[in-house]
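Thank you all for coming; I would like to take a few minutes to walk through one structure. Please bring it up on the screen, and I will go from element to element.

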Amino acid sequence: MTETKIKIKPKTKLKTKIKAKTIAKTETKINTFSILLERVKRDPEGSLFEYYANGLWKTVSAAQFLDEVKTLAKGLIAKGVNVGDSVAIISRTRYEWSLFDFAIWAVGALPVPVYETDSAEQIKYIFKNAEIKYAAVENDEIAGRCPANAQKWIIEKNDIAALGVFGEGVSDLEVDERSMLRFGDDIATIVYTSGSTAVPKGVELSHRVLCACVYNGCQGVPEILLREDAKVLMFLPLAHVLARYLALAGIAGTTTIGMARSIKTLLDDLRQVKPTYLLAVPRIFEKVYNASSHRAAKGLKAKIFSQSAATAREFSQLQAQGKAVPLSLKAKHRLFDKLVYSQIRAVLGNNVEYCVSGGAPLDAELVHFFTGAGVPVFEGYGMTE
């Protein structure tokens with residue numbers, strides 16, 4: 001696939017007082033939990049998460065999230081989770097996924113994401129390979145695919161609240177001390193490959209590696225991660241390292257992280273959350289393009305869409321090559337922006353200015369179409385395979 005270069009022009013004010021960290025080898029105490037602590041210190045009352053519960057979209061501030069993380073961490077300590085223990089997280093992408101992720105780090109343990117679609121055989125293999133004793137799972141069905149001897153907490157049975165009550169005797173000081181016992185080159189997480197190349201393989205990622213990648217992201221694309229109104233809608237599996245990285249980078253920056261209810265409600269969730277950037281897989285971009293094309297299947301509408309697509313691609317390609325855009329093409333682009341491109345952006349929530357595509361290569365023609373339509377697309381990859 002031909003490499004596509006895109007020039008970023010910020011459309012909103014950046015929080016220029018925020019400086020992306022450069023992780024040096026001498027920073028021995030750096031760990032993933034400190035990413036959250038820095039966000040809370042910087043903007044405690046600012047929104048950090050949005051998720052849907054009991055018929056309403058709920059906003060959680062950075063300080064509230066930290067409080068909930070510590071409460072859950074106390075429960076994990078009370079239940080016997082020790083420093084260095086492996087704890088699986090098996091659930092679709094949701095607020096509680098991130099809550100467990102940080103709570104496990106807060107007790108000095110090791111979160112091990114597992115795809116909720118994995119078979120019982122794959123899950124049992126991962127549990128044995130990573131020596132997993134505990135698991136946070138979404139529901140009873142997933143719990144049934146886990147080894148019987150592992151202690152499981154079921155999100156949909158409100159076990160998080162029960163853990164909070166169970167841990168009331170654990171002090172804040174113990175959580176604070178435990179949260180800093182693993183750092184630097186200590187393993188922060190084990191990410192397993194999908195298993196498409198034989199059995200799943202565990203990739204050990206250190207605290208320093210994750211933090212370096214996260215802050216490098218903030219330094220590399222501040223227009224995305226450090227803007228005042230940064231917001232993302234997460235719906236891809238957090239068990240995949242790219243989605244998890246982007247969530248961590250959002251916390252390190254200024255992002256409010258919206259959690260989609262499901263793929264079925266994605267279009268409505270986009271309208272409700274109104275993200276400024278989006279992480280998706282190629283098939284999502286293909287569906288948006290195909291749906292737009294099908295709505296203009298015949299007659300004049302079909303001709304307009306075909307011309308608008310060609311204009312968007314040519315406009316993007318010239319910009320990528322650093323060439324001047326002819327006045328005639330600029331005029332056509334302005335016209336199609338009103339007729340077509342604005343509708344594409346409306347499908348994505350009206351505020352999306354940048355997209356990241358991952359999971360598989362995205363066709364270069366689609367990259368240039370969306371970029372020319374005012375939604376630059378960058379390709380990201382996890383490299384866990």
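This is a predicted model: local features need pLDDT of at least 70, side-chain atom pairs count only at pLDDT 80 or more; totals for chains, interfaces and linings use all residues.

Which residue just after α2 takes a positive phi? That is G80, whose phi is about 100°. Residues are numbered from 1 along each chain as its sequence is written, and side-chain values use heavy atoms, with hydrogens and water left out. Helices (H or I, at least four residues) and strands (E, at least two) are DSSP runs, numbered from the N terminus.

Let me stay with helix α2, which covers residues 62-78 and has 17 residues. From its first C-alpha to its last it reaches 24 Å, close to the 24 Å expected at 1.5 Å a residue, where the expected span is 1.5 Å times one less than the number of residues. The helix is mostly covered, with 12 of its 17 residues buried; buried means under 20% relative accessible area, exposed over 50%, and partly exposed in between, with a 1.4 Å probe and protein chains only. Among the buried residues of α2 are F65, L66, V69 and L72, and also K70 and K74.

Now to the sheets, where two strands pair if DSSP finds at least two bridges between them. Seven strands form an open sheet of mixed pairing, in the order β2-β1-β10-β9-β11-β12-β13. At its edges stand β2 (56-61) and β13 (377-379), each with a single partner strand, so one side of each is left without a neighbour in the sheet. The twist averages 20° from one strand to the next, with axes taken as lines fitted to C-alpha atoms, for helices over the stretch in contact, and angles running from 0 to 180 degrees between N-to-C directions.

Within that sheet, β9 (residues 231-234) and β11 (residues 277-280) pair in the parallel sense over 2 bridges, and L233 has L278 in β11 as its bridge partner. Helix α10 (residues 241-252) packs on the sheet, touching β1, β9, β10 and β11, where contact means heavy atoms within 4.5 Å. The direction of α10 makes about 160° with that of β11.

A further open sheet has 4 strands in the order β4-β3-β5-β6, and here the pairing is parallel. Its edges are β4 (110-114) and β6 (151-154), each with a single partner strand, so one side of each lacks a neighbour in the sheet. The twist averages 25° from one strand to the next. Strands β5 (residues 132-137) and β6 pair in the parallel sense over 4 bridges, and A136 stands opposite W153 in β6.

E131, although not a glycine, has a positive phi of about 55°; E131 lies in the loop between α4 and β5, and at 63% relative accessibility it counts as exposed. N158, in the loop between β6 and α6, likewise has a positive phi, near 65°. Is N158 buried or exposed? With a relative accessibility of 51%, N158 counts as exposed.
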